[in-house]
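Colleague: Before I use any labels for this model, I would like to hear what stands behind them.

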Amino acid sequence: QVQLVESGGGLVQAGGSLRLSCAASGRTFSSTAMGWFRQAPGKEREFVAGISRSLSSVSVYYLDYADSVKGRFTISGNNAKNTVYLQMNSLLAEDTAVYYCAVGTKRTKVAGGYDYWGQGTQVTVSS
């Protein structure tokens, strides 16, 4: 099994930046995809960004972004540390939500396609 711990959330003014981290531990050898999701009050959980690695080339990764964050957010990873990051720039009030990281075995934007989830970290953007 896999355990995930998110960190880096907080309160920031509109236009500011935050960097979220998701550290994975446990049996991660088959977890080739990690994703970030968010859920705001009264709204459904939505896909934010994902990263998955090619099994044929250790240096090849596939990056996916929601249209609402494209150009503002960047997902990256440190394979040696089993950690994925979400750099969030030019934050908007609409980005306020609880952010969750998840791991799975395939490239997907569907929440049900992931196997393990973190506890979430709150991001609040004030206008």
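Colleague: Which element gives the most to the lining of the largest cavity, and with how many residues?

Modeller: Strand β5 does, with four residues. Strands here are DSSP E runs of at least two residues, numbered from the N terminus. This is a predicted model, in which local features need pLDDT of at least 70 and side-chain atom pairs pLDDT 80 or more, while totals for chains, interfaces and linings use all residues. Residues are numbered from 1 along each chain as its sequence is written, and side-chain values use heavy atoms, with hydrogens and water left out.

Colleague: What makes a space a cavity, and how many cavities of 30 Å³ or more are there?

Modeller: On a 1 Å grid over the protein atoms alone, a cavity is a set of points where a 1.4 Å probe fits but cannot get out; a pocket is an open set with protein on both sides within 12 Å along at least five of seven lines, and lining residues have an atom within 4 Å of a point. Grid points are joined across faces, edges and corners, and the volume is the space filled by probe spheres set on them. The count at 30 Å³ or more is one cavity, and the largest cavity holds about 50 Å³. Among the residues that line this cavity are Met34, Phe47, Ile51, Asp64 and Arg107.

Colleague: How do the residues of that lining divide by class?

Modeller: Into five nonpolar, three polar and two charged. Nonpolar covers Ala, Val, Leu, Ile, Met, Phe, Trp, Tyr, Cys and Pro; charged covers Asp, Glu, Lys and Arg; the others, Gly among them, are polar.

Colleague: What lies in the largest pocket, and which residues are the closest to its centre?

Modeller: The largest pocket has about 280 Å³ of space. Of its 19 lining residues, the closest to the centre are Ser31, Met34, Arg53, Asn79 and Asn82. By class the lining has nine nonpolar, nine polar and one charged residues. Strand β5 gives the most here, with three residues.

Colleague: Why are Cys22 and Cys101 called a disulfide?

Modeller: The rule asks for a pair of cysteine sulfur atoms within 2.5 Å. The sulfur atoms of Cys22 and Cys101 are 2.0 Å apart, so the pair is a disulfide. Cys22 is in strand β3 (residues 18–26) and Cys101 in strand β9 (residues 97–104), 79 residues apart. The torsion about the S-S bond is about 60°, so the disulfide is right-handed.

Colleague: Why is Arg38 called buried, and what does its side chain contact?

Modeller: Buried means under 20% relative accessible area, exposed over 50%, and partly exposed in between, with a 1.4 Å probe and protein chains only. Arg38 has 6%, so Arg38 is buried. Its side chain makes polar contacts with the side chains of Ser68 (3.5 Å) and Asp95 (2.9 Å). A polar contact is a pair of N or O atoms within 3.5 Å; within protein, one must be able to donate a hydrogen and the other to accept it, and residues adjacent in sequence count only if both atoms are side-chain atoms.

Colleague: How do you know that β3 and β8 pair?

Modeller: Pairing requires at least two DSSP bridges between two strands. Six bridges join β3 to β8, so the two strands pair, and they run antiparallel. Ser21 has Tyr85 in β8 as its bridge partner. Strand β7 (residues 73–78) is also joined to β8 by six bridges and runs antiparallel to β8.
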